[in-house]
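This briefing goes through the fold of the entry shown below. Please keep the sequence and the 3D view at hand while reading.

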Amino acid sequence: MAREQRTERSSFRRYFPPKRKVCRFCQRNVRDIDYKNVDILKRYILERGKISPRRVSGTCSYHQRRLSTAIKRARILALLPFLED
Amino acid sequence: MTQYETAFLISPNLEEEAIEKVISQMAEVVKKKGKLINEDRWGKKRLAYPIQNFEEAFYVFFLYEADPSIPFELERRFKQTEAILRFLTIKKETREKVRKKEKEIPEEEKSLSAAEEIPTEGEDFEEEAEVAAERKEEDEEADEKAEADAREEAVEKEEKVDEEASLPEEKAKEED
């Protein structure tokens, strides 16, 4: 079973190699992510208001941690929605 | 002394003077024992979701340096004041906690352990070790970049080999 999945994946990968994602915060050498900076945070929430996962946004683990606390703080102050419908 | 940042939302149905009064009251609490570094007012801003049926609120941010007793006192006041819809106090990180050195390594590989970053000990990638040994003779700056590249290449090669190895099986399955 596992074997089958693997072959499927690799043949798919052959024609569509994954694009290497790079953390956009690391690129700009950002240390702190401010919860007040709504414009940036907005890019990292999905349309339902969820925090976008690392595999989607390509954020590194260090910045993802910072990002998630920043988003949570912004939610408390009603700068970002807890959920959107 | 620690740096704190306190944000609070004032209800929008207050008069401007009343809002002013609340803010100055809170500022005094801070000034009494601490140092108010910055006071930021965003004015009336739309909320992302209604709080107490209000659709907008007056945003104020205090950045100050004080003993830990001050934020407690502030928050106690906030709770007593009905006009305050929300508040949030955070401790500002003044100093960087130990952060690993900046190197020209792709992000995904930063998470690898330090041992693997030393090229000569790449057990899984023998090719990589060889390449690295060759490159050592070149100058250092180019070295780092090339190493990273070589590593990527090695990984890609491996994947390709995998694919090709798996292809015959696939065909066999299809025939079945």
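What percentage of the 85 residues in chain A is buried? Buried residues make up 22% of chain A. The model is a predicted one. In chain B, 16% of the 176 residues count as buried.

**Chains and their elements**

- Chain A contains five helices and zero strands, and its pattern along the sequence is α-α-α-α-α.
- Chain B contains six helices and four strands.
- Starting at the N terminus, the elements of chain B follow the order β-α-β-β-α-β-α-α-α-α.
- Of the contacts in chain A between residues at least 6 apart in sequence, 71% join residues at least 24 apart.
- For chain B, 70% of the contacts with a separation of 6 or more are between residues 24 or more positions apart.

**The sheet of chain B**

- The four strands of chain B form an open sheet in the order E2-E3-E1-E4, with antiparallel pairing.
- Strands E2 and E4 (84-91) of chain B stand at the edges with a single partner strand each, so one side of each has no neighbour in the sheet.
- Direction ignored, neighbouring strands of this sheet are turned by 20 degrees against each other on average.
- In general, strands of a sheet pair through backbone hydrogen bonds, either parallel or antiparallel.
- E2(B) and E3(B) are antiparallel and share eleven bridges; within this pair, B:Asp40 has B:Phe61 of E3(B) as its bridge partner.
- E2(B) and E3(B) also form a hairpin with two residues between them. In the turn, B:Gln52 has a positive phi of about 50 degrees.
- E1(B) and E3(B) pair in the antiparallel sense over nine bridges, while E1(B) and E4(B) run antiparallel and are joined by seven bridges.
- B:Phe8 has a bridge partner in E3(B), B:Val60, and a bridge partner in E4(B), B:Phe87.

**Helix H1 of chain B**

- Helix H1 (residues 16-33) of chain B has 18 residues, which at 1.5 Å a residue should span 26 Å; its end C-alpha atoms are 27 Å apart, in agreement with that value.
- Which residues of H1(B) are buried? They are B:Val22, B:Met26 and B:Val30. These residues lie on the same side of H1(B), because they cover an arc of only 75 degrees around the axis.
- The other side of H1(B) carries the exposed residues B:Glu16, B:Glu17, B:Glu20, B:Ser24, B:Gln25, B:Glu28 and B:Lys32.
- H1(B) lies across E1, E2 and E3 of chain B and runs at about 20 degrees to E3(B).
- The cover over the buried residues of H1(B) includes strand E1 (2-10), strand E2 (35-51), strand E3 (54-66) and helix H2 (69-80) of chain B.

**The largest nonpolar core**

- The largest nonpolar core has 34 residues. Those that touch the most other members are A:Ala70, A:Ile71, A:Ala74, B:Phe8, B:Leu9, B:Ile10 and B:Val30.
- Helix H5 (61-76) of chain A and E1, H1, E3 and H2 of chain B each supply at least two residues of this core.
- Which element gives the most to this core? It is E3(B), with seven residues.
- B:Val30, one of the buried residues of H1(B), and B:Phe8, which is bridged to B:Val60, are both among the core residues that touch the most other members.

**Contacts within chain A**

- With neighbours within four places in sequence left aside, A:Ala70 is in contact with A:Ile33, A:Asp34, A:Tyr35 and A:Leu41.
- A:Val38 belongs to helix H3 (residues 38-42) of chain A.
- Is A:Val38 buried or partly exposed? A:Val38 counts as partly exposed because it has 16 C-beta neighbours inside 10 Å, whereas a buried residue needs 20 or more.
- Beyond its neighbours within four places in sequence, A:Val38 is in contact with A:Ala74, A:Leu79 and A:Leu80.
- A:Val38 and A:Leu80 are separated by 42 residues in sequence, with their C-alpha atoms 7.5 Å apart in space.

Terms used. Residues are numbered from 1 along each chain as its sequence is written. Chains are lettered from A and ligands numbered from 1 in the order in which they are written. This is a predicted model: local features need pLDDT of at least 70, side-chain atom pairs count only at pLDDT 80 or more; totals for chains, interfaces and linings use all residues. A residue is buried if 20 or more other C-beta atoms lie within 10 Å of its own, exposed if 12 or fewer, and partly exposed in between; C-beta atoms are placed from the backbone. Two residues are in contact if their C-beta atoms, placed from the backbone, lie within 7 Å. The expected span of a helix is 1.5 Å times one less than its number of residues. The arc is that of the directions from the helix axis to the C-beta atoms. Two strands pair if DSSP finds at least two bridges between them. A nonpolar core is a set of buried Ala, Val, Leu, Ile, Met, Phe, Trp, Tyr and Cys residues joined through C-beta atoms within 7 Å. Axes are lines fitted to C-alpha atoms, for helices over the stretch in contact, and angles run from 0 to 180 degrees between N-to-C directions.
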